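Biologist: Could you put the model up so that we can go through it together?
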Amino acid sequence: MSNYALLPSTPPSTFSSPILGSNSPSVASTTRRRNFWGRNSRPILMALTLLSLAAIIRLTTPNEQQQEIKAKVDGYLNGGAGLVGSAKDWWASPTEGGGAKDGDGTLEGTKDEDWVGEHRPLEPEGVRLDSAVEPPSDELTPQDSETPTEHPPVECTEALREELNSPSFWVARRTSALHYEISPSDPSVFSFSNCLDHAIFSARLVSEAESSTSATTESKTPTIISALVPPTLTKTSGVYSLKISPNHLIPFGRYRLEVRLAFGSLPGAQLGSVCGEEKLTCTAAGLPAGERFIGEKIEVASEYEVTIGQGPYFVDTASPCESLSPLAGFWDSEKFYPSSPSGIPCRLQTPTFPTPFTSPAPIWINIVGDSNPRNLFSALEKSFGTGRKTNFFTMESKVKNGTVATIALRSFSGDLDPSASPDILISWQWWHAKAHNLEANAAELARWTNGTLSEYLSRANLKGAVKGLKDFQTTASTLRPRRTYISLGSHSEDLTARGIDGLLDVLFSEQYVSEELRKAANVRVFTTTLVHSANIPLDRFPRQDLTRNNAVIHAKNDVIRNRPELQGRVIDVEGVTAGITESFMKSSRDAVHFTAPIYYNAWTSLVWTDLMINGP
């Protein structure tokens, strides 16, 4: 039912108009209309005559003459706009009969679709009486009123897509204090707006660097880095909105806004698949042609400096973090400061001795993953002080030559006597999710998750680690992991988000890492770290930048974060890497490993915090 009230019915009158029809409002208003028409009928009738004449001429006159006559008619109508306006004002007047104006100047009880048949005012084709008197608006559209919102679709050719890959094609403009819109720098290109809807951007706030990261170069690393929520496409095609929350947790100050173009057009990336949403895997054959990772900054046309923050930021007195997923925060002087999922500053546990946790039985921390978890292991075992470490080497792996398993023995005091039995054991075993042979992949993970320490040392060829510790060997025969940290790794780039979901169905089925086993081994799952796709050596891994990029990784991590059986078991290391991949990577040819110990110290603090908040 319409929200508009019906106009009061009125008796018919003898008044009739060629414009308004024969059903007019009231006798009293008829008299006023007659007076109006008496005063103003001559110019309006002349305008109507000219319009009728123009319609007849249009049917019989060549196009050039039509344009000339149309110009004369338009000139007359423009000159008489005041008369048309006064007629509209009279019709809408609340005291002159017929209805009351609402807030936007239209008649209460009427709108365009309410007029039917001859009762709707006649208008020249292409001309609206309402539009002749609309006041000018002071508000600007995203492109200063030059941006149309609808266009017929055009073919997104390879040449056109190449233009989108140029950082100079895009510009970020400030529209309010904490709102920016990203769009083409040339508004005329909106004629192919349907080709603009799949760009990928990243954004961060950075402080000016206070010191050089190298004594021999002028390259500088900002002291404070804070990732922003990536710009998202608005309803207006081709315009991306970047909104900075006024409550964004960062120390108060002035920051420089950086916006980077990742891809000019990569459909499906934010859904976790560039080969089609229904695909489980995405191989080279299914990748779109002509796309590549850009990773360069675009112009921020105005007000690139942002004043924002919470201050003073007493993060050192903040309460310990009680949840580690989802995780956000900022980096300051190579230290990570997190905030809780509710947006409140919290504090990560830092290593202290004696450890804030003890146990009658030794604590075994079991890490299963690829090279980034291996780097975590190196930082973690150092955080527990001194002791012994044993590695196993192999050259048989196709993806990893070198260490595939290692274990470190430590004590609660931080200094383990070589002849003493350990209080803490930290192990790492090479494993990563695979796009193929899912059953075998799941069975392998179950082997490294389930079993006693003795069984683990035997499988990993690490029995020498407890050689000479006869009393401990007895303990090892019954000791099980106090924590098992699993990382799917960065070697499953062929798996789409849907493929990751299917993989988790298998991994955490009752046949493999079952609910009982997840509880017994106190399983935790790390999200995958973000990458710097510009550093991928494409000569070795052609086109891998289309499947190993942060938009795809984030979508795949969302699958992990939202799995019901993993609620309370996810540690969101993605949140720690957000915003730093351009600044803290190991080398220009390394897209996945971070500068040690900057990032891995923060990851270590996540593990210590998990041990504290959930008990060792």
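Biologist: Are helix 9 and helix 11 roughly parallel or roughly perpendicular to each other?
Modeller: Keeping in mind that this is a predicted model, helix 9, residues 497-507, and helix 11, residues 550-561, pack with their axes 8 Å apart and at an angle of about 30°. Angles under 35 degrees count as roughly parallel, and therefore helix 9 and helix 11 are described as roughly parallel to each other.
Biologist: And which residues make the contact?
Modeller: On the side of helix 9 they are Ala497, Ile500, Asp501 and Leu504, and these meet Ala555, Lys556, Val559 and Ile560 of helix 11. By type, six of the contact residues are nonpolar and two are charged, while no polar ones take part.
Biologist: What is the handedness of the crossing?
Modeller: Where helix 9 passes helix 11, the crossing is right-handed.
Biologist: Switching to the nonpolar cores, how many residues are in the largest one?
Modeller: The largest nonpolar core has 45 residues, and Leu453 and Leu507 are those with the most contacts inside it. Several elements each supply at least two residues of this core, including strand 13, strand 15, helix 6, helix 9 and helix 11, and the largest share, six residues, comes from helix 9.
Biologist: What does Leu507 touch, then?
Modeller: Leaving aside residues up to four places away in sequence, Leu507 touches Trp431, Asn441, Ala442, Leu445, Leu488, Tyr512 and Val513.

Note on methods: Residues numbered from 1 in each chain as written. Predicted model: local features only at pLDDT ≥ 70, side-chain atom pairs only at ≥ 80, totals over all residues. Heavy atoms only, no water. Axes fitted to C-alpha atoms, helices over the stretch in contact; angles between N-to-C directions. Helix = DSSP H or I, 4+ residues; strand = E, 2+ residues; numbered from the N terminus. Parallel < 35°, antiparallel > 145°, perpendicular 65-115°, else oblique. Left-handed = near helix turned anticlockwise from the far one by under 90°. Contact = heavy atoms within 4.5 Å. Nonpolar A, V, L, I, M, F, W, Y, C, P; charged D, E, K, R; others polar. Core = buried A, V, L, I, M, F, W, Y, C linked by side-chain atoms within 4.5 Å. Buried < 20%, exposed > 50% of the residue type's maximum accessible area, 1.4 Å probe, protein only.
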